[in-house]
Amino acid sequence: MRRAGQEAVRLAQQGRFIDAEPKLRVALEHDPNNIELLRALALGLLDTEKLDEADRVLTHWCAVRPEDAEPYRLRMDLRHNSAQRAKPGAERQRLQELALADGQRVLELASNDDSTAQKVVWLCLGIGRFDEADQVCRRYRERQPDDPWLDYLQARVCHARGANAEALGLLDRLLASAPQFAPGLLLCAILHYEAGNADQAIPLLRRVIAEGGASHKEARYHLSLALARAGHTEEARRVMAEVQRDNFERDTARPGETESLAVRVRRAELLFSSGRADEALASLQAVLAEDPGYAAAHRLLATYYDEHGQSAKAAEHRRRAGPDGGKE
Amino acid sequence: MVTPTARGIWFRLTIVAAALVFSGGVAAVAYCIVTAPPPSHPAASPLQSVAPSPGVPWFVDVTAASGIGFRHFDPATPQHNILETIGSGLGWIDYDNDGWLDLFCVQDGPLRPAPDGGPLPTNKLYRNNGDGTFTDVTEAVGLARAGFGMGCAVGDFDNDGFDDLAVTYWRGVVLYHNEPDGHGGRRFVDVTAKSGLHDPHWATSCGWGDVDGDGFLDLYVCNYAEVDLAKYPHCEHGPKKIPFSCPPWFFPAVSHRLFRNRGDGTFDDVSKAAGIAAASPAPGLGVVLTDLDGDGRIDIYVANDLRPAYLFHNQGGGRFVEKALFSGCALGSNGENIAGMGVGAGDVDDSGRPSLFVTNFHAVPNVLYINAGHLLFHYWTHRSGLGAPSIDRLGFGTVFCDVDLDGRLDLAVANGHVSRNAAEVYGAPFAQEAQLFLGQGAGRFRDVSAEAGAYFREPRVGRGLAWADYDNDGRPDLAFSHNGGPIALLHNRTETAHGWLRLELVGDGKKSNRNAIGARVEIETTAGRQVRFLNGGGSYLSASERRLLVGLGPARRAERVTVRWPSGREQTFHNLEGGRWWRLREAEALPEAVEPQPPPKSR
């Protein structure tokens, strides 16, 4: 490597990538397959979030050194992170597939790379390649039989492949060493629920909810199912009403836009089902103040008054709902 | 020992992300607007086939050769009215009982027809000539009706042995009775007014089923929402204010309808009395009627658009209780709403119970609920292999049928976005490829779309989908409808040595409806056992063939076929030879072998 290239690499290693980058590029023009230069440039581009360029440099590095695991490993991480940022859809899937292909290549070149093996298992799970995930996971669990992470991965794989008893065994072991690990608690609860043991699922789900975090929402939904199955009907309804209200607010969120009357009527309906009748009635009155003939609001009020034994009021709202209102 | 908290951030982040992906994703992305450019499709798979290979499903688009010239009217408006996004369906009906399935295509039209705008497009009926071609007989049979048509359901509501037709419209349902035309043929007579069927709302999918066990088919009609053209909301996207089709929550939903057949040609609206109207009104798009808990009574499952699905559990006596939420088949894996479009029901895990499949919006997966018994369903989407391939599609029509006759139900899905400017607004393509998945048993499927023929690689704006073996060759064919485009008739040319049986069930017309909708059929062969259900409704705005086409795999005959009729009567037929059409009549001990004859040239 020429002196200018060495200087560029040194600057990059010192964390001065802004100074190093132009020098690295000039040096690569003269020596395009120089691995030290490529590594320094790729790492700098990754650090500075120039991801498209980083991908191109890593791809070149892979082509120059196809027997070197490092560029594949870096590109796998880059593409997987890009996939996570992408909206669900074809692009995310494409990036996941590309990341997985890189991960598989790393394992071909460095079969003792446990960290990459775990990532490969996750990617396989995300893409739905459960048999492949199973093979990789089992191979690496043989090497590290006491790794709780691998137990968790294997439990997910087992669940995906219908081996629920094995999954539960693995989770029992995992939760003994990491009792607050929310994804493990959640999966364990789902397995108990699917096995018909709702009572055993409920305390696990409550622990996940208490922890907060990313599993919270899913846990709340499953809690409502488990509560219902265990006969705790009232609490199940209350929790499910919260789930539905959150769904509604998330689905209909349009910052800065005026809400349609239909949205406001639906919110009132959800408030009724949450036991917040006063708020619901106020909301419906506001709707009818804007549009006194709004049939959906009258229909909802008719239903409410029917359920509360106020048949005259119910009949009046049904009449005002229009000629077909009475049949709703 | 390494503890979970000791790992790097990449992996911890990945766990959360992967758990989300794995568990089914995020409801909020449905109808969530993105600014990204339309995604490019993955590179062409090396598995793409250009010719059939033995054992692999193979479909050929024979629309042009069939003579079916139907083209769906594109009612596009500058405002991107939600009505123009729904499309119209199609239905297979053997209206003249000649043993050859005819095709009915539903048509819409301009939202505001000009007074002097000329003739409006109408629904069409294409009569099967028995030689792979069809003839337009719409006028001759009395089905030339214009309007904003949506879907259809085929059923013999008066048990006279001829299938009748219910057609849904924006603001209405029309019932046609199939009658002799006085010249040896058949015609359809509009009996809506005298039947008492009245639904002033936006009716979408509908389905027949005998919900009260009186031997006559009743009709369930999904309603979508109230749309007032005079007060239509204006929905715009982003700083450029791109108009787009308003999501369903902009419109008030209305209750669905259940019409009870009185047995004398008239119907009662029993929506309220039956408990249907007690459910929170929701925009319904797909309905299937099938016995979900094996109690011998037909239940009703409805896919709603961004609202919880309905599962109306039949209590007997024509009464229903809605139970979807706590049965686990109303929402996605995280409890998120599903943009439910089409539905299918079938035994995909060899449990003997019908599982449920629901198509969903772009960027979220279609959903498979495995029926665990006792009205309990488990979210099975990703475990089935159906999740990941559907993320980049917006699913509509869907059918279960055994396309390769291996004895396992396969699954076809019609795809296409709702918005014609989906690329700008949603970052998704408007036209999308249909998909075909091969059943692997145990609730698992394999995507074979790239290998199944050219149609599955052509982006279309798919909507309706219905299967039928229109040429009686023992292989199920497919018909797709497209929003604003021609239909596609796909002929199944799968090369396979697998055996098959065609089972035509005929109820006694007294305790069972003559169509035997609601029957459960168990087929035992040397290769194993399979259970099939004769459902009402299904798919999206569409009606499939009612005769059961059962793949036998390597077996050459069925040792036993046990039918549980809608009446509750159970009957076993023995030694049914494969490769044949068998008519099984309730209470008659012996099956009848049917030989389809070429239909007369004209009537």
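Me: Which residue of β21(B) stands opposite B:A345?
Reply: In this predicted model, local features need pLDDT of at least 70 and side-chain atom pairs count only at pLDDT 80 or more, whereas totals for chains, interfaces and linings use all residues. Residues are numbered from 1 along each chain as its sequence is written, while chains are lettered from A and ligands numbered from 1 in the order in which they are written. Strand β20 (residues 343-346) of chain B pairs with β21(B) in the antiparallel sense over four bridges, where pairing requires that DSSP finds at least two bridges between two strands, and where helices (H or I, at least four residues) and strands (E, at least two) are DSSP runs numbered from the N terminus. In β21(B), the residue opposite B:A345 is B:L356.

Me: Which residue of β22(B) stands opposite B:F357?
Reply: Strand β22 (residues 367-371) of chain B runs antiparallel to β21(B), and three bridges join the two. In β22(B), the position opposite B:F357 is taken by B:L368.

Me: Are the residues on the two faces of β21(B) buried or exposed?
Reply: A residue is buried if 20 or more other C-beta atoms, placed from the backbone, lie within 10 Å of its own, exposed if 12 or fewer do, and partly exposed in between. One face of strand β21 (residues 355-358) of chain B carries B:S355 and B:F357, and the other carries B:L356 and B:V358. Both faces are covered, and all of these residues are buried.

Me: How are α11(A) and α13(A) oriented to each other?
Reply: The axes, lines fitted to C-alpha atoms over the stretch in contact, of helix α11 (residues 182-194) and helix α13 (residues 216-229) of chain A come within 11 Å and cross at roughly 25°, angles running from 0 to 180 degrees between N-to-C directions. Angles under 35 degrees count as roughly parallel, over 145 as roughly antiparallel, 65 to 115 as roughly perpendicular and the rest as oblique. The orientation of α11(A) and α13(A) is therefore roughly parallel.

Me: Which residues of α13(A) make the contact with α11(A)?
Reply: Two residues are in contact if their C-beta atoms, placed from the backbone, lie within 7 Å. On α11(A), the contact is made by A:L186, A:A189, A:I190 and A:Y193. On α13(A), the residues are A:E218, A:A219, A:H222, A:L225 and A:A226.

Me: Is B:S539 buried or exposed?
Reply: B:S539 lies in the loop between β34 (536-537) and β35 (548-553) of chain B, and its phi is positive, about 60°, although it is not a glycine. Because B:S539 has 34 C-beta neighbours inside 10 Å, it counts as buried.

Me: What is the phi of B:H80 near?
Reply: B:H80 is placed in the loop between α2 (63-66) and β2 (90-93) of chain B, and with 22 C-beta neighbours inside 10 Å it counts as buried. Its phi is positive in a residue other than glycine, near 55°.
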